[in-house]
Amino acid sequence: MASLAGEADLDSLAATSAAINAIASVQQQKKKPIQIIIAPGNGGCGRNIKKVNWYGWFHKEMLSRGHDSICENWPDPNICHQSNWISYCINDLKADENTIVVGHSTGALLAMRLAETIKLKGIVLVAAAHTDLGDAGERASGYFDTDWDWNTQKENAGFIHQFHSKDDHLIPVSEARYVANQLQGNNAVYEELNGYSHFFEPFQPLLDAIDTYCKDEDKNVSESKETKENTETETREMIYKYVAFGSFKQSKIQPCRHKTSLCPDRCSHAQKPYVFELSDISVVPGTSKQRKFCTPLTLGKEFCISEKDMGTWVDIANNLTENDQVAIEWQHDYVTRNGCSGPERPVIRLSKLD
């Protein structure tokens, strides 16, 4: 009887050990960082992807958030054959249900086709199309050989977030609107922006979207993150400084248009911009490495300052009337605060001229 009891004890111990291992495995999976795969456009990924467009900037931002970001040179960078890129994602990059694919241009096509193949945590489509637009090179990639399976994309992707700019000169906005219409649903968001062209430069809405979809994972490490944030300090790099003269045109409340996943509470779309028409402007280049991504402001364009950036000069701005002549100085800064980076344009002087 003693030997039988011993065997029972061993069985119980083995079962307990298995249960503990199972729990530990689940906990380890929960702690596994989100994998971010940056899928570039064609031609922009063969030699040094991190120096092309916004890829390197976005990669650093994702690493700073604790994500497992992958920003590597891709095979077959010019034609970007669907068969090569799908295989590369699955077999080499190990894309799975913990993966967010951020695809730009041709990379967006890859993200959509990959979502037809495997389950993903989500896909972000930057400047997506659904036809080859009559381009033989795009047609050769193979992405347009079969019909799009929109339903499978929606089923396999935990979320779908799409960006497009109205002034995209390479992919008409009508292409993006068609894609958005096919993918519309509870897990899909379409953000139609303006002034971003084909998204060659860093853009803050991309970071905002990723941060929103990853907020649940952020909660799992909230204590360690709070400790880190409490020790972090703000860094501010000057991209350009401007000294200008001109006339005040108007100030008007712009309400939130409820077009993004962050609306209406965290989008900052509702604002009170102050609009100036500049007659003279001097530009002083800064030392920030981000300057290579930015084109300095020139005459001939209206200049808008947000109420937040107006800062301590807001009382003077509120007392301006149309066509009042002003002198205004401001900076275009790249600011990193608590692990998040983005542009700010603080006013450092505003005066009404007699």
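What is the mean pLDDT of the chain, and what percentage of its residues reach 70 or more? The mean is 83, and 80% of the residues reach that value. The structure shown is a predicted model, and the legends below describe close-up views of it.

**Figure 1. Confidence along the predicted chain is lowest in helix α10 and highest in strand β4.** Helix α10 (residues 222-231) has a mean of 46, whereas β4 reaches 97. Residues 1-6 have a pLDDT below 50, and beyond near neighbours in sequence this stretch makes 0 contacts in the model. The pLDDT is also below 50 over residues 220-229, a stretch with 4 contacts beyond near neighbours in sequence. Where pLDDT is low, the predicted coordinates should not be read in detail.

**Figure 2. Six strands form an open sheet with parallel pairing.** The strand order is β2-β1-β3-β4-β5-β6. Strands β2 (68-70) and β6 (188-193) are the edges, each pairing on one side only. From one strand to the next, the twist averages 15°. Within the sheet, β4 (residues 122-126) and β5 (residues 160-165) run parallel and are joined by 4 bridges. Leucine 125 has glutamine 162 of β5 as its bridge partner. Helix α8 (residues 204-213) lies across β3 (99-104), β4, β5 and β6, and runs at about 170° to β5.

Figure 3. Helix α4 comprises residues 106-115. Alanine 111 counts as buried because its relative accessibility is 0%.

**Figure 4. Phenylalanine 159 and tyrosine 213 form a stacked aromatic pair.** The whole structure contains 17 aromatic pairs. In this one, the ring centres are 3.7 Å apart and the planes meet at 5°, so the pair is classed as stacked. Phenylalanine 159 belongs to the loop between α6 (150-156) and β5, while tyrosine 213 belongs to helix α8; the pair thus links distant parts of the chain, 54 residues apart. Phenylalanine 159 is buried, with a relative accessibility of 6%. Tyrosine 213, at 18%, is also buried, because the cut-off for that class is under 20%.

**Figure 5. Tyrosine 196 and phenylalanine 199 are members of an aromatic cluster.** The cluster consists of Trp54, Tyr55, Phe58, Phe163, Tyr196, Phe199 and Phe203. Tyrosine 196 and phenylalanine 199 are stacked, at 5.7 Å centre to centre and with 20° between the planes. Tyrosine 196 is partly exposed, with a relative accessible area of 31%, whereas phenylalanine 199 is buried at 1% relative accessibility.

**Figure 6. Arginine 113 lies over the face of tryptophan 148.** The distance of arginine 113 from the ring centre of tryptophan 148 is 3.8 Å.

**Figure 7. Serine 247 is a buried residue of strand β7.** Strand β7 covers residues 235-251. Serine 247 counts as buried because its relative accessibility is 9%. Apart from neighbours within four places in sequence, serine 247 is in contact with Val275, Phe276, Glu277, Asn323, Asp324 and Gln325.

Terms used:
Residues numbered from 1 in each chain as written. Predicted model: local features only at pLDDT ≥ 70, side-chain atom pairs only at ≥ 80, totals over all residues. Heavy atoms only, no water. Pairing = 2+ DSSP bridges. Helix = DSSP H or I, 4+ residues; strand = E, 2+ residues; numbered from the N terminus. Axes fitted to C-alpha atoms, helices over the stretch in contact; angles between N-to-C directions. Contact = heavy atoms within 4.5 Å. Buried < 20%, exposed > 50% of the residue type's maximum accessible area, 1.4 Å probe, protein only. Phe/Tyr/Trp six-rings, centres within 6.5 Å; stacked < 30°, edge-to-face > 60°. Lys NZ or Arg CZ within 6 Å of the ring centre and 35° of its normal. pLDDT = per-residue confidence, 0-100.
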